[in-house]
Amino acid sequence: MATDGAGTASDLTRLTAAEIAAAVASGQVSAVEVTQAHLDRIVAVDPDVHAFLHVAGIGALAAAEEVDRKRAAGRPLGPLAGVPLALKDVMATADMPTTCGSKILENWRPPYDATVARRLRDAGVVILGKTNMDEFAMGSSTENSAYGPTRNPWDLTRIPGGSSGGSSAAVAAYEAPLAIGTDTGGSIRQPASVCGIVGMKPTYGGSSRYGLVAFASSLDTPGPLARTVLDAALLHEAMSGHDPCDSTSVDAPVPPVVAAARQADVAGLRVGVVTEFSGGGSQTGVQARFTEAVELLESLGAKVVEVSCPHFTYALPAYYLIAPSECSSNLARFDAMRYGLRVGDDGTRSAEEVMSLTREAGFGPEVKRRIMLGTYALSSGYYDAYYGKAQQVRTLITQDFEAAFEQADVLVSPTTPTTAFPIGERVDDPMAMYLADLFTIPSDLAGNAAISVPCGLAPEDGLPVGLQIMAPALADDRAYRVGAAVEAALEQRWGGPLLAQAKELRERAGDTR
Amino acid sequence: MTELAQLVPYDEALSRYEPVIGLETHVELGTATKMFCGCPTTFGLEPNSAVCPVCLGLPGSLPVANRAAIEYTIRIGLALNCSIATWCRFARKNYFYPDMPKDFQISQYDEPLCTDGWLDVVTGGSTVRVGIERVHLEEDTGKSLHMGGATGRIHGAEYSLVDYNRAGIPLVEVVTKPVAGTGALAPETARAYVTELRDLLRSLGVSDVRMEEGSLRCDVNVSLAPRAATEWGTRTETKNVNSLRSVERSVRFEIERQAAVLDAGQKVLQETRHFHEDNGTTTAGRSKEEAQDYRYFPEPDLVPVAPDRDWVEQIRASLPELPAARRARLHAEWGLSELEMTQLQNAGALDLIGATVAAGASAADARKWWMGELARHANATGADLAALAITPAQVARVSALVKAGTINDKLARQVLDGVLAGEGDPDAVVAARGLAIVSDEGALMSAVEAAIAANPDIAARIRDGKTAAVGALVGAVMKATRGRADANRARELILERLS
Amino acid sequence: MSITRDEVAHLARLSRLALTDAELDHFAGQLDQIIGAVARVQEVAAEGIPPMTHAVPVVNVFREDVEIPCLTPEQALSGAPAAEQGRFRVPRILAED
């Protein structure tokens, strides 16, 4: 489908969010055209990618029309007005189903909107639909979705990462320039890494959790996914900020992330390489690209130091005690009494039986495992040795970060030990699956900021590798600054974004309405 | 299936066993909104019309603590002589139940807001200092209607209907330390504690504390140990204790029941029991296969509560005069006896006396009228004193009329009758019923002459010096004037006349 | 062995999960392995180390005692599997609370 002037529809889907916003604001293209182009793209490729669980075509076009009306009336538009966005299905939306990738919430329509969703809508961002995810955000591959896996646009036989796999794939497949994910153990950064895009975990509390269906309350952090560091920063700014409805939300100004993304330099910055994460646990190509990225930083003027964070080796076990414990409690409310699935209510069974039958039918195996693990860790007699101890280890990890950030301004590591693995490879081996979060988990436990930016393809499989840049809590801008510098230098080397090296997805002929 | 409990008669039980009691009281706070959201706490609204994503526990919702509820709790803690925590947290109490929207309750576990206080309670003439273990803050649950069964209770119901309007209302839990050494006065002590606590809470203005409406709920713990035992016995917890009288009765019953169990050489089961209003007994709740493990952990969605000492002192300075201090002050001001003060307190009449005194009567007069004639009226109709159709100001007026000599005590009773019957203010009743004492000397003189004339033999005895007989003639004058004569003046006139 | 099949069955009951026998067997093995791995936290000496509360330590976040508009009963009941007389209809409850 071709359009005049501004370019073809496929051009519109290749623009960055910043470019789209500028084009809409200047009148070069209408928000409706932009939205339609992306809806067409979804129709063309999502049967293969399966990033979306729900596409709200009518609502999206109406929102786009509203932006066009505002523009025509000369009213001021926000920096992302008219830009389409894919929203992870863990966020409550009053006008779209919210399933959290689970059967237990199939077709559930919340009677309220998440704060983040409301802020985006108020900013004129066009929500295209809800994306697929590991059930209740538990997983690293999106294979735990009750609605089927999402496929990596780089190689449809491989996982897009998880739990925000749908959001990541949507951006990588040009179905949306922006997406929202949530990061609890790495669920924004790891998918971004294996899909060759940018994913950011803000400081915990930086964005409101009101309306974010809780998995692990003290870890869950909503954040942006995009194809460029600047786009991620723009979305970060639009979605963040204090919310009185969330007691844990940070009551301080949003760090100057957009300015930092534009600044994009590292001269004089101290970059710390975490010893415990450089030990060769990663795939060869991942390690190689990481080492090159560190050298690149040095060549850009950063001072590279080695930093030891001794308790980081306990981060994975501590996380797999704390997160399941909190989730076992957070998911108790799915009891068939007030909303969601109800199974077995034949008029003779008790409430207790109906609860148990419903949860048995409505939850997948990973969710059940974690609920039981969490129940175990909180049990009387076990609490001190498991949950209690894990929370102490968490303090030690936070102290490790504090000490490290005295020696370095940012810390770096590979985002995840491997590139995208094949669908089905780890799904029956929980412990192997958990290893994907090895490098991302410490920042979730400490609550500081961390971004993943593409740093190349692994030679052995031609798949994307991510560089993780960690900054102190509330210093999110520092992560963007370094990330943008790396991106600029590498894209110059590559002659364009990494994503341009992916094979084009086959476009299905279909109803382009 | 009813459980027929064996009982040992109360006095006998106490001759062999020592009771230890404990009370856990839940108080619904009278804040305008709920503990963690802005829904109203108004009683009696249409079902599920005062709910929001937070108190419904919808996926994605988050709690935010109500500052007023924290303040009320600190106020209660200070009034109970507790230490206020410098830093504490909320905790999740995890269990599944349909009236709990999140299937966990946000409460406090090992870090309560207030600890280690006391409340003095008077029973049988002596003072017992009831230790307060803790005062903490939590949220209330929804309410279920059990349908399809015969009794409206859970057993035998086919299904239930749940209303979440009450879910999330702030609840303060006050837990006493075990109270030993009360002996035979254990039931009364328990009742007196709840009464005193209720009055205290009411004076603080933190709750309307109506047991009938459920804004004050009591669980009663009782254990028995043989006299001279070194360890306490196993305690039971009795719920559904919905009135002060039930508090007393439930303690009494448990003592009698547990004594029988122990006499039979068996062990008292540590269990939750249910009190039955109709016959004053307790029965065992449904036995659970395993004891509840609530898997408490600190609530991650809330940040710690750290009341700074300035705020605490501000709250302390704003505390009203507490009931015990007030009683002591009134006792001194009114000059009534200990016994009279206790009677007033038990009758809940302190406020009435206070208001009557404020309206100009003496404390003694106020007490006389409220605890005498008016109490008789109240008992006859089964009403509370405060519910009678007469105000303290009106009672003070009646007292003033008597003092002024306008009426006497006997006439005053008729005036009170008239006010209670709705005939108007005391002065109006006096006028309408013609109850004023006859002040006209002439009329009085005529009545005196008539009485003398009608009783010549008595008159003769008086003339002879037997002045004691004058009483009979005074009586005659009173009868003739239908009680409206000034008896003293009549006496004077008679004696003058016959001297 | 970190956890027995019976203990897993107990956890399932506590968590209101009506697992099948096959699931119990399957999960018991996996949970045993996972618990064995996460027990590593016990190796860490943490005497006197306080448990973590929040990434950005903050206290006293409150709201004022002021009413905010609620949901309508229709909205509240909108997801209810069953409703009657404006209330959520639930199957018969066994345990006295």
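Guide: Let's start with a term: two strands pair if DSSP finds at least two bridges between them. Strands (E, at least two residues) and helices (H or I, at least four) are DSSP runs, numbered from the N terminus. One caution before we go in: this is a predicted model, where local features need pLDDT of at least 70 and side-chain atom pairs count only at pLDDT 80 or more, while totals for chains, interfaces and linings use all residues. Residues are numbered from 1 along each chain as its sequence is written, and chains are lettered from A and ligands numbered from 1 in the order in which they are written.

Now to the strands: β9(B) and β3(C) run antiparallel to each other and pair over 4 bridges. Look for B:Leu161, which stands opposite C:Arg89 in β3(C).

Step back to the whole contact between these chains, and you find 38 residues of chain B in contact with 32 residues of chain C (in contact means that the C-beta atoms, placed from the backbone, lie within 7 Å). On the chain B side, β2 (65-66), α2 (67-79) and β9 (159-163) each supply at least two residues. The top contributor there is β9(B), with 5 residues. By class, that side of chain B has 24 nonpolar, 8 polar and 6 charged residues. Here Ala, Val, Leu, Ile, Met, Phe, Trp, Tyr, Cys and Pro count as nonpolar, Asp, Glu, Lys and Arg as charged, and the others, Gly among them, as polar.

Chain C also touches chain A: 43 residues of chain C are in contact with 60 residues of chain A. On the chain C side, α1 (5-14), α2 (21-38) and β3 (87-91) each give two or more residues, so to speak of β3(C) is to speak of both contacts, by the definition of its DSSP run. The biggest share comes from α2(C), with 8 residues. This side of chain C divides into 31 nonpolar, 8 polar and 4 charged residues.

Let's finish on α2(C). This helix has 18 residues and reaches 25 Å from its first C-alpha to its last, close to the 26 Å expected at 1.5 Å a residue (the expected span is 1.5 Å times one less than the number of residues). Its buried residues are C:Phe27, C:Ala28, C:Leu31, C:Ile34, C:Ile35 and C:Val38, where buried means that 20 or more other C-beta atoms lie within 10 Å of the residue's own, all placed from the backbone. What covers them includes α11 (315-330), α13 (365-378) and α15 (430-434) of chain A, together with α1 of chain C.

Note on methods:
Contact = placed C-beta atoms within 7 Å. Buried ≥ 20, exposed ≤ 12 C-beta atoms within 10 Å, placed from the backbone.
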